[in-house]
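Work through the exercises below with the sequence and the model open. Try each task before reading its solution.

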Amino acid sequence: MVMEEPTLERLLAITRRLAEHPPLEEALQLLTDTAIGLVPARHASVRLLDDLGSEVISYACTGAWSDAPAWPFRPGEGITAWVCDTGRA
């Protein structure tokens, strides 16, 4: 499979920026911003949990609903908990 040049350029740009070790929140925002530009989606979000998987320590989102507050994470409840439990997206 051959990547289109704009896709490769986007991936190289985010790789260069992440190699500069930006603050965690900025790095997560870069990920969601890049993801929404690479795949046909209206929304991208990422949550980083603590070592116990019980509390969200950082969150970023891009696209539709990005101005809404983050949904709370409760272990054992909802889609985020299911992803944590199963390891599947």
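Two exercises follow, each with a worked solution.

This is a predicted model, in which local features need pLDDT of at least 70, side-chain atom pairs count only at pLDDT 80 or more, and totals for chains, interfaces and linings use all residues. Residues are numbered from 1 along each chain as its sequence is written, and side-chain values use heavy atoms, with hydrogens and water left out.

**Exercise 1.** Find which residues lie nearest the centre of the largest pocket.

Solution.
1. A pocket is an open set of points on a 1 Å grid over the protein atoms alone, where a 1.4 Å probe fits, with protein on both sides within 12 Å along at least five of seven lines; lining residues have an atom within 4 Å of a point.
2. The lining of the largest pocket has 14 residues, and Arg47, Gly78, Ile79, Thr80 and Val83 lie nearest the centre.
3. Strand E1 (43–49) and helix H3 (78–86) each give two or more residues to this lining; H3 gives the largest share, 5 residues. Helices (H or I, at least four residues) and strands (E, at least two) are DSSP runs, numbered from the N terminus.

**Exercise 2.** Is Asp33 buried or exposed, or does it fall in between?

Solution.
1. Locate Asp33 in helix H2 (residues 24–38).
2. Buried means under 20% relative accessible area and exposed over 50%, with partly exposed in between (1.4 Å probe, protein chains only).
3. Asp33 has 36% relative accessibility, so this residue counts as partly exposed.
4. Now compare positions: the C-alpha atoms of Asp33 and Ser45 are separated by 9.1 Å, at 12 residues apart along the chain.
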